[in-house]
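Hello! Here are a few friendly notes to read alongside the model.

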Amino acid sequence: MFYREAGQYKTSYAADQQIFPIRQDRIGIAVILVIALLLPLAASEFMLSAIAIPFLVLALATIGLNILTGYAGQLSLGTGAFMGVGAYSCYKLVTIFPEVNVIVHILLSGTFAAAAGVVFGLPSLRIKGLYLAVTTLAAQFFLEWCFIRIPWLYNYNSSGAIEVPGREVFGTLITGPAASGTARYYVVLAIVVVMTLLIKNLIRGRVGRQWMMIRDMDIAAELMGVRPLIAKLSAFAVSSYVCGVAGAMFVFFYLGASEPAVFSITLSFQVLFMAIIGGLGSLVGSFFGAAFIWILPILLRVGLPALGVDVAAETVFQVAQMVIGALIIFFLIVEPHGLARLWAIGKEKLRVWPFPYA
Amino acid sequence: MNAFVDPVGMAGHSGLTKGEVLLRVDNVSLSFGGVKAITNISFDILKGEVRAIIGPNGAGKTSMLNVINGFYHPQEGTITWRGQVRRKMRPYEAASHGIARTFQNVALFKGMTTLDNIMTGRGLKMNKNFFWQCLHWGPALNEEIEHRRKVEEIIDFLEIQAIRKTPVGRLPYGLQKRVELARALAMEPELLLLDEPMAGMNLEEKEDMSRFILDVNQQFGTTIALIEHDMGVVMDLSDRVVVLDYGRKIADGPPEEVQSNQDVIDAYLGVPH
């Protein structure tokens with residue numbers, strides 16, 4: 001009824017090819033962006049620092065993995081390690097060149113992760129599917145080992161951890177323990193929104209189509225002029241770049257300090273689950289997945305006591321874990337293609353509602 | 001400009017005139033381990049003709065197509081393309097030399113819409129770099145729209161406007177075959193290889209597809225090599241037919257000549273030994 005494209009005629013291919021061809025979608029995304037911009041006015045420091053910032057960062061990491069697994073079809077379990085490469089290289093850059101803007105460092109640190117991604121992506125030219133996942137597992141363990149065993153990476157700190165120094169941009173402190181949640185939130189929001197837009201552009205153009213060709217039918221792709229080497233390695237590079245930037249932001253804007261264990265296989269799995277629950281091959285799904293896995297447990301933990309259910313903190317945590325586990329199973333049974341597919345089906349139904357068909 | 005310097009931009013414009021030899025296969029043999037798929041086969045494909053390759057199952061027809069577009073490399077023999085002996089090449093190089101194909105079992109990109117599938121055929125002709133692609137603005141957007149226009153022409157030509165935005169996985173089989181033809185046409189190939197374009201189709205769909213193949217051949221001047229089991233279709237469409245059996249060539253010539261060839265009849269019907 002209200003979500004309908006009737007009367008919205010496209011008179012040019014440019015209009016037909018825009019990201020949100022339906023007016024209601026454009027209004028929706030504008031409303032979401034305005035809410036995101038105004039969030040610090042209403043939200044507490046806890047909401048910004050513990051929910052909004054990590055949600056955005058993990059959504060970006062999920063987008064990174066989605067490029068590789070969802071769009072290019074190369075299964076990877078090394079996401080955590082690639083995020084770690086971004087975090088550690090950002091830390092090194094910030095300490096070696098302290099005078100350079102930290103946002104530049106964060107964007108640069110992704111290139112180191114991209115390089116690591118290309119190196120560990122080389123086996124993908126010969127190996128497919130689960131076997132490739134095993135080789136990316138090697139990346140995960142090797143890089144994690146590097147974070148522990150190469151003291152140069154953490155500047156020989158006795159704790160073995162990296163601690164984020166305070167850095168200012170335009171006179172506002174945005175990193176380090178003293179930075180306000182609002183400042184960090186806006187930086188993260190800006191980077192995530194801009195990168196999501198750039199990646200969307202990449203995916204709807206020639207490069208993204210090449211990735212999907214390799215994913216859907218690699219033999220036909222090659223017979224149509226796609227070079228598997230370039231398509232696969234570019235997917236690894238872009239994916240790892242995005243993951244690296246997300247990893248750098250994870251430490252610099254969320255954790256404030258981190259040790260190698262942060263970038264363990266657990267993080268890789270967490271991001272992979274976000275991608276799968278959200279929907280492989282969908283950018284909006286990456287946000288859904290990150291919200292589901294990151295925000296829902298926190299809401300449950302905070303929400304149950306708030307409802308007057310008086311239970312010990314430890315019990316709440318475990319109950320939340322069980323509920324999340326059950327919900328994951330439920331959603332995967334209802335829709336194996338993830339929340340993004342449910343969302344798409346919902347929109348399709350809404351377009352013809354209240355009639356059963358168009 | 002020499003066609004071999006810039007194969008990407010020159011696909012379909014080799015400068016050959018109708019009737020000249022576009023592709024020649026000389027004494028090609030292909031084996032997988034101990035299995036001989038193709039034994040000492042020679043034939044040629046002339047610019048602008050419809051060339052059929054027929055034979056019983058397992059005769060080596062699809063292997064022959066795979067040799068032509070670089071997916072298999074024959075152990076013996078040479079392939080001459082546009083008058084030059086071709087070196088060993090990868091499939092994507094064959095694609096950039098103007099060879100496109102469709103597959104026996106539809107090989108569309110299932111996760112993409114019809115439009116995107118056909119747009120993939122334009123990939124070799126798009127050259128705006130990575131950073132323009134990220135911006136999707138200016139030259140990259142113009143390029144995208146310019147190729148969309150070309151793709152829309154093909155969509156009109158094959159009468160698939162209604163399924164433009166439909167994911168190809170949802171389409172019925174006959175339409176999938178048609179989208180696959182559209183995707184190959186989007187490459188503007190000089191040589192189009194069709195591997196059983198009518199397999200599994202009903203009479204009406206076969207008639208449609210036959211009309212499209214003839215239209216492609218006549219309107220665009222595309223040279224076509226097709227594998228097909230429906231003899232009625234083969235005899236009506238093709239200018240010349242080459243017949244394979246057990247990896248060997250047993251006949252080559254105009255349809256009516258091949259039809260009356262005793263070896264061909266034996267191959268199809270079997271002979272008592």
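1. Two residues are in contact if their C-beta atoms, placed from the backbone, lie within 7 Å. Of the contacts in chain A with a separation of 6 or more, 74% join residues 24 or more positions apart.

2. This is a predicted model: local features need pLDDT of at least 70 and side-chain atom pairs count only at pLDDT 80 or more, while totals for chains, interfaces and linings use all residues. Residues are numbered from 1 along each chain as its sequence is written, with chains lettered from A and ligands numbered from 1 in the order in which they are written.

3. Chain A has 14 helices and 4 strands (DSSP runs: H or I of at least four residues, E of at least two, numbered from the N terminus). Its C-alpha trace spans about 65 × 60 × 45 Å along the principal axes.

4. Turning to chain B: 26 residues of chain A are in contact with 32 residues of chain B. On the chain A side, α8(A) gives the most, with 8 residues.

5. Now for a helix pair. The axes of α12 (residues 283-306) and α13 (residues 313-334) of chain A come within 9 Å and cross at roughly 135° (lines fitted to C-alpha atoms over the stretch in contact, with angles from 0 to 180 degrees between N-to-C directions).

6. Which residues of α12(A) meet α13(A)? Leu296(A), Pro297(A), Leu300(A), Arg301(A), Leu304(A) and Pro305(A) do, and their partners in α13(A) include Val316(A) and Phe317(A).
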